[in-house]
Amino acid sequence: MNNTLILLAACFLLLPSHSLAQRFTTSPAIERKIDSLLALMTPEEKAGQLNQYSGDFATGPGGNFLRSDHADMARSEKVGSFLNVLGSDVVRRIQHIAVEETRLHIPLIFGYDVIHGYRTTFPIPLAEASSWDPRAVELSARVEAREASASGVQWTFSPMVDIARDPRWGRIAEGSGEDPVLGSAMAAARVRGYQGTSLSDPTTVVACVKHFAAYGAGEGGRDYNTVDMSERTLREVYLPPYKAAVDAGAGTVMCSFNEIAGVPSSVNRWLLTDVLKKEWSFEGFVVSDWGSIRECINHRIAPTSDGVGRAAMHAGLDMDMESNAYLGLPRLIASGTVPLSEVDESVRRVLRVKYALGLFDDPYRGCSAEREKKEILSAENRAAARDVARKSMVLLKNDNAVLPLDAAKAASIAVIGPFGNDKENMLGTWSSLGAGSTVVSIMEGLKTAASPKSRITYVKGCDIEGTTTDGFAGAIVAAQNADVVILVVGESRGMTGEASSRSQLDLPGVQAELVRAVAAAGKPTVVVLVGGRPLVIGGILHQATAVIEAWHLGVEAGNAIADVLFGTYNPGGKLPVTFPRSVGQVPIYYNYKSTGRPFNDSVHYTSRYFDLPSTPQLPFGFGLSYTTFSYGTPRLSVQKITANENVVVSVDVENTGTRKGEEVVQLYLRDDFATVTRPVKELKAFAKLEFMPKEKKTAEFTITPEMMSMYDLSMKKVIEPGTFTVYVGTNSVDCREAAFEVVQ
Ligand code: BGC
């Protein structure tokens, strides 16, 4: 038996020292260049730098999204940036106008939503977060950057790091789930992947952390909806991932559509200037969300475009995406309504990012038809997408070790369900230029992986939505004639993402009935769940023999799922978000407050529902493997410390099974008593470790003073004396405990 001591390095813990080195910073030399440029610029030219316009979705991608007036706009210097204008040819053409046919030759910056793949579509971000593997996420972002930069994209509107505690919200698919520490690790990894070690490298793109802030907390899970929360919750739960992305070097930030406590983010000076630019020392620029300045008229902040534009400028919103609200700036400067200093500051920030990208030296920044050909959808990129997709799946149930399938014994496989032969939906939401034709379907993946002697049949059974059960009979016959059933059900990609909130979390249409009917055929039934949010799956977990959460996995979905089904890869993902038992439990999350009447399902007057258990269907951090792990009791380096000392936690973890596998060791902490109520537990660190069969490792974590700190009544960060409980385990519920005390 092998006993290895694993020292968990800062990369999992996101210590500030790790990220600081890579922050987006300017230099005296760049500031001097900007000073000279600002001195030459007219108010019109300055305002132009702060406008961003979109290409036309109706004409792309074949038409490259170009609008007939783009060339004139670039020539007239009324624009500092385009989004959705891409393709090396087009970008070179428009950029040429900006740098050759204008008075000051200032390059444009071209942005695009490269969220989880440019052409090689990776798993949706919620799936990637299920890997709990920052290296995998960094790799995904790196590939995205290489492909997009070849096509002239210099700026991606990613990472989306909004914490989401409400799966009704469609955009939960675009983020990393409910937890600030996991979310921060993913946010930083994505920034590192996009930006590499230097933005002057033409294979990088500058990141844009969004949507600042708390966009995921809209009431009722409705998109764009009102957010009202305490500054404590904002700072403890929602802000950390944005901060982590900024600390990792993100050069731009996008503000959110929503208001927080009465102030829409686009005009929130406290958020954009006091917190982001001053407190966090952010030196890059802030872009609005699409039309979000104009929407402040609907928020009823001011009745005119000039009115909301002025408020946004004063708040520190540097670039206007598609509101036309900064067109009036020259006039407002002339009338003294907007101070020139505010406009200068925003232009300075935009120019900083353009300098950092090297656009003044090479405005085309390595985009070319040759690079597009070489980078896009390369075999290497597809291999990376397959690997990340395998890591993104979570095994939720595996009775009788039905998985992995034995290729020899599973001579006959029935693939059933509306997603079994589907390509398009595997792409998930916000799939950029991803195309269904490039996707490997589950049927294709299984056929490639199975033994040539296997008989694999496909029956759809029912549509994704709709009420007809006419296809059930065929599905049941197929199941009866098979050795094993792979039942692929879930949500289409259009049911997730922007403006796709749902009021129900059940499987759409008659899919739940299909699962019941097929499982009743009595054959081993493996449900593969497709989708972009936690669904209510109590029935499925009960009826199926095995269940895999496969989310929307991208171009290599079918191959990756086959790898897991046949055991070429042993799944090790964990849920980045709690699965509720019913939509009525939402919002439900693991780091809740205990209340004065902590729930107890057998005691009436406690904080619970009387019609269902108070616990979730599946807890945050949950995920099985084809092997098993046992945990020892955590050992602490000291029992008593003062507030500026660390505690080192060691725990023995053993692979008690016969297969190689990975386990995400999770460390949670509770401040037992405090002047302000604390969550029942909070994730503080994690490590994904690989184990050979029967291998034992000792995981070691350092609990730092930062991890023990909290905001006190006056919103000062403090460490209060008293006891802390340490939990180490395989998910947020199944943990072993230890305790230490902070003394004065
Ligand atoms: C979305 C952003 C996106 C922007 C540009 C908006 O509707 O909220 O996430 O980056 O459009 O496409």
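Is Asp 652 buried or exposed? In this predicted model, Asp 652 is buried, with a relative accessible area of 17%, a value that falls in this class because buried means under 20% relative accessible area. The side chain of Asp 652 meets that of Arg 635 in a salt bridge, with an N to O distance of 3.1 Å. This pair links distant parts of the chain, since Arg 635 belongs to strand β19 (residues 635–636) and Asp 652 to strand β21 (residues 647–655), the two residues being 17 residues apart. Arg 635, in turn, counts as partly exposed, at 41% relative accessibility.

Helix α4 (residues 43–49) contributes Glu 45 to a further pair of this kind, in which the side chains of Glu 45 and Arg 103 form a salt bridge at 2.8 Å, N to O. Arg 103 is placed in the loop between α6 (88–100) and β4 (109–112), 58 residues apart from Glu 45, and the pair thus joins distant parts of the chain. Glu 45 is buried, with a relative accessible area of 9%, whereas Arg 103 is partly exposed, at 47% relative accessibility.

Lys 46 and Asp 344 likewise meet through their side chains in a salt bridge, for which the N to O distance is 2.8 Å. Here helix α4, which carries Lys 46, is linked to helix α16 (residues 340–356), which carries Asp 344, across a separation of 298 residues. Lys 46 has a relative accessible area of 6% and is buried.

A polar side-chain atom of Asp 113 lies 2.5 Å from an oxygen atom of the ligand, and a polar side-chain atom of Lys 210 is found 2.8 Å from a ligand oxygen atom. For Asp 289, an N or O atom of the side chain is 2.6 Å from an oxygen atom of the ligand. Taken alone, the ligand exposes 310 Å², and the protein buries 94% of that area.

Key: Residues are numbered from 1 along each chain as its sequence is written. This is a predicted model: local features need pLDDT of at least 70, side-chain atom pairs count only at pLDDT 80 or more; totals for chains, interfaces and linings use all residues. Side-chain values use heavy atoms; hydrogens and water are left out. A polar contact is a pair of N or O atoms within 3.5 Å; within protein, one must be able to donate a hydrogen and the other to accept it, and residues adjacent in sequence count only if both atoms are side-chain atoms. Accessible areas come from the Shrake-Rupley method with a 1.4 Å probe; for residues, only the protein chains shown count as cover. A salt bridge is a side-chain nitrogen of Lys or Arg within 4 Å of a carboxyl oxygen of Asp or Glu. Helices (H or I, at least four residues) and strands (E, at least two) are DSSP runs, numbered from the N terminus. Buried means under 20% relative accessible area, exposed over 50%, partly exposed in between (1.4 Å probe, protein chains only).
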